[in-house]
Amino acid sequence: MTADRKGPLSGIRVVELTKVWAGPYAGKLLAHLGAEVIKIESRSNLDEMRAYGGVDIDAAPYFLSINQEVLSVQVDMKTAEGLDLVKRMIASADILIDNIRPGAMERSGLDYESLKAIKPDLIQCAIKMWGTDGPLGYQTGYAPCFAALSGLTALVGHEGETPKGMNIRYGDSTAGALAALACVAALHHRESTGEGQFIDLSAVEAMTSLVGDSLFAASVTGVVPQADGNFHPEMCPHGFYPCAGDSWTSIAVANEAEWRALCDGLEAPALAADPRFVSLSGRLAHRHELDTELAALTRAHDAAELAEKLRNAGVPAFKAMSSMDLCSDAFLWQREAFRMVSDHRNDTRPIIGPSWRISPDGPTVERGAPLLGEHNAYVYRDLLGLSESEMDDLIARKVID
């Protein structure tokens, strides 16, 4: 083992055969709980994230953001010797995570039934777009595919408009988080029974779980839910309103007292007296007109100042934070939502840390993402027991690639 990193998963070893986001995200979460996570890589078959956003495979921003506290070992899995080394690594592990193309694990002899022969209590988590079986199990895709196929994309946007979808990785991070959760549950099962488990995780189904209320509503009402912006059936106004400098403030009014406080805070007695808006039912019926009126009143205000003024008056209101706002937020730094880690090049750099605080012995999060093959010596010499000459031979023949 490497140095004890503490945390609830201290002593647990995870081997990753993962790329891009969903699989590495699961590994990162387990590492942030204290597990030792070993990412198997190859110079001839790089994780695409090592190339996105830059030309240096050890400093690509996407890779740096998603692989903290992970160890990197190089091996060419296209060789018989390389596959044997991978199997030896898996034999020393508690959990194997993969999100590579459907069928690739089976073709390499790394299917669960084969791996159980070398590690009977292994927990294996396979993350695929449609899972590992069924008529669509052969298909692969990225996060926008997961969101579109799950029904989520159709619900994102404003009513009467083409669905907007999203250009961020909800699909990958959601599937990765559920994979980590399933792995923790499987560890508990193994602790109780001694049995390993195979976790077949469908990224599409993971995303569909996020729209369960809409599916239920459709089954009850017979009306297919459509994108409806920030509409809320029991709160009005409820949305984002423009402020100075292209910033926005969210406002959500739940009762008449908050409505009166909002009108007072905006110094808008005419709005409070408008017969269209004097009741919740009226505000809901005329919500578009109300949004237009509010936008005219909020546009000249500083977003943060307006939000604070409204909150002090008893109205739920907050500035819509930009990425730069978040990076400079003192509260998030104090909470260690952001923290500094080593990056092997420039001493330290900031990362988004784990969103939980565990006491008394929370995990150590100090290392940034690994250099390619940074932990070859640890894995091959300390873990697998290879001699220096054996390692040199494997490197010369590019089995360690």
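**Strands, rings and cysteines**

Student: Who is the bridge partner of D98 in β5?

Tutor: In β5, D98 has A126 as its bridge partner. Strands here are DSSP E runs of at least two residues, helices are H or I runs of at least four, and both are numbered from the N terminus. Keep in mind that this is a predicted model, where local features need pLDDT of at least 70, side-chain atom pairs count only at pLDDT 80 or more, and totals for chains, interfaces and linings use all residues. Residues are numbered from 1 along each chain as its sequence is written, and side-chain values use heavy atoms, with hydrogens and water left out.

Student: In what sense do β4 and β5 pair, and over how many bridges?

Tutor: Parallel, over 4 bridges. Strand β4 covers residues 95–98. Two strands count as paired if DSSP finds at least two bridges between them.

Student: And β5 with β6? How many bridges there?

Tutor: 6 bridges, in the parallel sense. Q124 has F198 as its bridge partner in β6.

Student: How many residues of β5 are buried?

Tutor: 6 of its 6 residues, 123–128, are buried. Buried means under 20% relative accessible area, exposed means over 50%, and partly exposed lies in between (1.4 Å probe, protein chains only). I123, C125 and I127 point one way, Q124, A126 and K128 point the other way, and all are buried.

Student: F198 again. Which aromatic pair is F198 in?

Tutor: F198 pairs with Y112, at 5.5 Å centre to centre and 35 degrees between the planes, a tilted pair. Rings of Phe, Tyr and Trp (its six-membered ring) pair if their centres lie within 6.5 Å; planes under 30 degrees apart are stacked, over 60 edge-to-face, the rest tilted.

Student: What does that pair tie together?

Tutor: Y112 is in helix α5 (residues 112–116) and F198 in strand β6 (residues 197–202), so the pair ties together parts 86 residues apart in sequence. Y112 is buried at 11% relative accessibility. F198 is partly exposed at 35%.

Student: How many aromatic pairs does the rule give?

Tutor: The count is 3 aromatic pairs. Among them is W333 with F338, tilted because the planes are at 45 degrees, with centres 5.5 Å apart. W333 is partly exposed at 32%, whereas F338 is buried at 12%.

Student: What sits over the ring of F63?

Tutor: The charged end of R50, 3.8 Å from the ring centre. The rule asks for NZ of Lys or CZ of Arg within 6 Å of the ring centre and within 35 degrees of the ring normal.

Student: Cysteines now. How many disulfides?

Tutor: The structure holds 0 disulfides. The cut-off is a pair of cysteine sulfur atoms within 2.5 Å.

Student: Last one. Where is S342, and what does S342 touch?

Tutor: S342 is in strand β10 (residues 338–342). Leaving out residues up to four places away in sequence, S342 touches D347, T348, E366, R367 and G368. Contact means heavy atoms within 4.5 Å. S342 is partly exposed, at 26%.
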